[in-house]
Amino acid sequence: MIEGALWRRWVFYNIPLILFVFVLLFPFYWMIVTTFRPDGELYLPWNAPNYMPFWTNNPTLEHILYLFEETNFARWMFNTMFIALVSTVISLFCGVLAGYALARLNFPYAGGLGTAIFITYLVPQTLLFIPLAEIIRNFQLGDTPWSLILTYPTFLIPFCTWLMMGYFKAIPKELEECARIDGASRWKAMVYIIIPVAVPGILSSGIIAFTLSWNEFIYALVFLSSPDQKTVPVGVTSELIRGDVFFWGPLMAGALLGSIPVAIVYSFFVEHYVSGLTGSVKG
Amino acid sequence: MAEVSLHKLNKKFDTTHVVKDVDLQIRDKEFMVFVGPSGCGKTTTLRMIAGLEAITAGEIRIDDRVVNEVPPMDRDIAMVFQNYALYPHMSVASNLAFGLKMRKFEKAEIEKRINNAASILGIESLLQRKPRQLSGGQRQRVALGRAIVRDPKVFLFDEPLSNLDAKLRVQMRVELKKLHERLAVTSVYVTHDQVEAMTLGDRVVVMKDGLVQQVGEPLELYNTPANRFVAGFIGSPAMNFADVTLVENGGKPVAEAPGLRIGLPGELATRARAKTGHKATLGIRPEDIHIATAADAPEYCFEATVEVVEQLGSEILLDMRAGPALMVASVEPTLRVRAHDSLKLALKPERLHLFDAKTEAAI
């Protein structure tokens, strides 16, 4: 908290906070309003006499119904969920093991290897999709969920590895040493002691990995082509923007429904998530 | 039954040589304390005994088995860590049970041992709690309990009391001593606190810069320190030192410094005579200095100016200047002295120590 006079608290704390929250939440508000606004209001010119951009008196579900009846939206949701879950599980598994190894096993070149893994994370996806497209084609995985399940880990594993590495380093070494004196092998000490203690860290990297793959756009756009295989971000934008016509209602409804799972995941684990990112291990 | 013997033990981290040629026999049921300033290699030595640190050269035996390559789990040891290292996600009971579960003990036996250890340590009511719900002293007990349930050949303690507050530390020290008497298990204890070393140890190893300085019973270290380092490290307040030159005065060897001349008694005189003309360090403990009376021989008396008077209630510590040397004397609490007073003091000749100025070894 800011100490001192009331005006200081307002100027340095409350007003910036309100502005920040407003900027962050306004797009969501806009998304929600647009979802429930009938087309007749959506396409009114701004100088029309009854123009009311921030509210509607005639809420409607027509856009949501349109999504489910006229597009493959349910299918896209399922695809996205499946791809995000499987690639998150793969990345977490690899990331936890790699992070542990880099943090705790003092093998030669561990430091260099850690940096190398980090560098792969820095290669922009917008460049990487070109060689990856070639690989996907050679393995004949194009237009299948596996094209994404296998390519998402290319950026998720380095990410999870680094997050977990930091988390494992914050866990006192003595815990593991004590377990090993107590009769546990290195593997058992990891499974029974270190991983349970690292659950907040594992959850945070899982949540972020899930969100990253849920929202991923460019690989999904390049590797998937048939409407049945698409994920939500690609499906919504490719099927609801036809030429230069934006179907704003269904677009926003798709965005709203598409962000609900992520919101649920976050709110569910938010406590673990915060302690995971700040790396606190309570003794 | 367990003896631990270290033979020419060495440890190097890259280029730093942290443990140098340590030779030591730890007897069965003995409470051996390693003491020294931080960075002296005592913890590294303990970790090598535990198997947590690879041995660069030398040999460690537990009983007659060389354990250099034996993993920690197979050495039949238990260790108590400075930060307790309790498993934070497990209850106290599970913490105690973990080592036994790993060793595939029967459920009934595990329960019996947990209850036994809990009653020894008085933690029966805490068994269902998580470590974060415990106070520092309680965590310490649980850490001890985790070692006790295993019934190991050797207990290893790595500064187990240093995270406790002063009062609790004294209390736990007494309990540790009782516990050792009751369980009679060979124990190796590392501390930087010489009081802990003196009170707990059957024998004490003083280390500095990776080298063993002296091994012996607490009073042996106190009364006949092998060198200046041990003399200064053991005892509180620390021993007084004065840089002197050994000279002959009227056929008798004396230790001399500007403004200070102390005679050397009996055997010390014989040993000092061989070093006549050499520089040396004179050592005397604060409690071996008293206010001079007519009964004190003049060659053991000296003049000093009091600089600070420290009232401790049970005694008074006088910080004084005698010639070039700063000295502390511990005197009767009834004495009335003030700063800047000049005093005539005497020391107990048989309690004088003399150290070579160059090698720092006792003369």
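User: In this predicted model, what makes helix α4 of chain A oblique to helix α11 of chain A?

Analyst: Helix α4 of chain A, residues 73-104, packs against helix α11 of chain A, residues 199-215, at an angle of about 140°, and their axes are 9 Å apart. An angle over 145 degrees would count as roughly antiparallel and one of 65 to 115 degrees as roughly perpendicular, with oblique kept for the rest once angles under 35 degrees are set aside as roughly parallel. The angle of about 140° is therefore the reason that α4(A) is called oblique to α11(A).

User: Which hand does the crossing of α4(A) and α11(A) have, and which residues make the contact?

Analyst: The crossing in which α4(A) passes α11(A) is right-handed. On the α4(A) side the contact is made by A:Thr80, A:Ile83, A:Ala84, A:Ser87, A:Thr88, A:Ser91, A:Leu92, A:Gly95 and A:Val96, and α11(A) brings A:Ile202, A:Ser205, A:Gly206, A:Ala209, A:Phe210, A:Ser213 and A:Trp214. Sorted by class, the contact of α4(A) with α11(A) has 8 nonpolar and 8 polar residues, and no charged ones.

User: Why is B:Gly99 called buried?

Analyst: A residue is buried if 20 or more other C-beta atoms lie within 10 Å of its own, and B:Gly99 counts as buried because it has 24 C-beta neighbours inside 10 Å. As for its place, B:Gly99 is in helix α2 of chain B, residues 92-102.

User: Which residues is B:Gly99 in contact with, leaving aside its neighbours within four places in sequence?

Analyst: With those neighbours left aside, B:Gly99 is in contact with A:Asp182 and A:Gly183 of chain A, and with B:Arg146, B:Val149 and B:Arg150 of chain B. As for B:Met73, it is 26 residues from B:Gly99 in sequence, and the C-alpha atoms of the two are 9.5 Å apart in space.

User: How many residues does each chain give to the contact between chain A and chain B, and which element of chain A gives the most?

Analyst: Chain A gives 17 residues to this contact and chain B gives 20. On the side of chain A that touches chain B, the elements that give two or more residues are α9 (173-181) and α10 (186-197) of chain A, and α9(A) gives the most, with 6 residues. By class, this side of chain A has 9 nonpolar, 2 polar and 6 charged residues.

User: How many helices and strands does chain B have, and what percentage of its residues is buried?

Analyst: Chain B has 9 helices and 20 strands, and buried residues make up 39% of its 363 residues. Among the contacts in chain B with a separation of 6 or more, 65% are between residues 24 or more positions apart.

Methods
Residues numbered from 1 in each chain as written. Chains lettered and ligands numbered in written order. Predicted model: local features only at pLDDT ≥ 70, side-chain atom pairs only at ≥ 80, totals over all residues. Helix = DSSP H or I, 4+ residues; strand = E, 2+ residues; numbered from the N terminus. Buried ≥ 20, exposed ≤ 12 C-beta atoms within 10 Å, placed from the backbone. Contact = placed C-beta atoms within 7 Å. Nonpolar A, V, L, I, M, F, W, Y, C, P; charged D, E, K, R; others polar. Axes fitted to C-alpha atoms, helices over the stretch in contact; angles between N-to-C directions. Left-handed = near helix turned anticlockwise from the far one by under 90°.
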